Amino acid sequence: MFSKLRGKDSKAETKKDQKDLGEKLYLPLSKPSSKCTIPKAAELDGDQQEKYEKVLKHFQQEDLKIAASEANHKDKDTSKYQRLSESEKAWLTRECFLRYLRATKWHYEEAISRIELTIAWRREFGIAGCYDSDNEVNGKLCSPENETGKEVILGYDNDTRPCLYLKPGRQNTKTSLRQVQHLVYMLERVIDYMPSGQDSLALLIDFKASPIGTEGGKIPPVGTGRQVLHILQTHYPERLGKALLTNIPWLGWTFLKIIHPFIDPLTREKLVFDQPFPNYVPIEQLDKDFGGDLNFEYNHEKYWPEMIKIAESNKQKYMKRFENFGSVVGLSEYDLRGEGEELVYPVS
């Protein structure tokens, strides 16, 4: 099946001609290119609006309590349930409800259950807080995992999705829970880089071996792959806008075939194999190793603190606007990430 998805041009990694690309870039980009555009969001029909409002009304309940863990959500021991924190209310946006409604094919009761399950998981996993220092899974914990630059937030694609590069060839640690925590941490940070009007991300995955990696040539255990897929599909629905994969070795194809049954069909449609990255990302926002103009080089001491600093600054703006607009459930990410003084999407 995957062989049919390979592009005609298997040389997706097309380095720029030998020309002066200027000074090296060691830091992430905080803004998209002027060439990037945000597709217009689809409008809701009457039935969809009605179901959205039912989900909104449920989470607007003042006495609402939600489970403290995934297991607690399943056993329904309400004695362990907890009220929503301010950070969780800010997470419960208009777009959050719509993502879960789309993922459940507009079954609003299932969407409510899925959202509550995710809140329980976020509490248990250690990412329910607002800022980096509030969470168990934070920059300090994950820093050793990224010393070789195996995951990098850099630039925006044509649709203004922030790009998260995954480079398995730079793997520097053995399989562990912290590897999974690191991936979730980077997903949370790339969400902080999203501009007003865009709520999905682009994954740029390069399987090329690297001399920097110390654990190269290995594929993750199937159990770990399934765990990551469960997290992505269950707790980050509709977040993946596009995934570009290149330089896939035979071991990589084998792993993809093994986990293929567990990949959601809608996710499969977003996977692009061995196509030139400049088809999807403006060259001024793309790493030189993939045909772009960015003379990027990963330096952990420079990149890591700046990446966190930009994410924290964006989150502070987001939370400040959340407070200014009343700290209510159901505010729009468009408004919370925007600049306007008036709400584009008022909460009913």
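The model is predicted, so a word on the ground rules: local features need pLDDT of at least 70, side-chain atom pairs count only at pLDDT 80 or more, and totals for chains, interfaces and linings use all residues. Residues are numbered from 1 along each chain as its sequence is written, and side-chain values use heavy atoms, with hydrogens and water left out.

Start at the second largest pocket, which holds about 930 Å³ of space. A pocket here is an open set of points on a 1 Å grid over the protein atoms alone, where a 1.4 Å probe fits and protein lies on both sides within 12 Å along at least five of seven lines. The volume is the space filled by probe spheres set on those points, joined across faces, edges and corners. Its lining (residues with an atom within 4 Å of a point) counts 30 residues, and Lys40, Ala41, Ala42, Arg102 and Asp199 lie nearest the centre. By class, there are 12 nonpolar, six polar and 12 charged residues, with Asp, Glu, Lys and Arg counted as charged, Ala, Val, Leu, Ile, Met, Phe, Trp, Tyr, Cys and Pro as nonpolar, and the others, Gly among them, as polar.

Domain 1 (46–133 + 313–337) and domain 2 (134–306) each give at least three residues to this lining; the bounds come from an automatic or database domain assignment. α4 (94–103), β6 (240–246) and α12 (333–336) each supply at least two, and α4 gives the most, with four. Helices (H or I, at least four residues) and strands (E, at least two) are DSSP runs, numbered from the N terminus.

Now follow α4 to its neighbour, α5 (residues 108–125): their axes are 9 Å apart and the angle is about 120°. Axes are lines fitted to C-alpha atoms, for helices over the stretch in contact, and angles run from 0 to 180 degrees between N-to-C directions. α4 and α5 are therefore oblique to each other, since under 35 degrees is roughly parallel, over 145 roughly antiparallel, 65 to 115 roughly perpendicular and the rest oblique.
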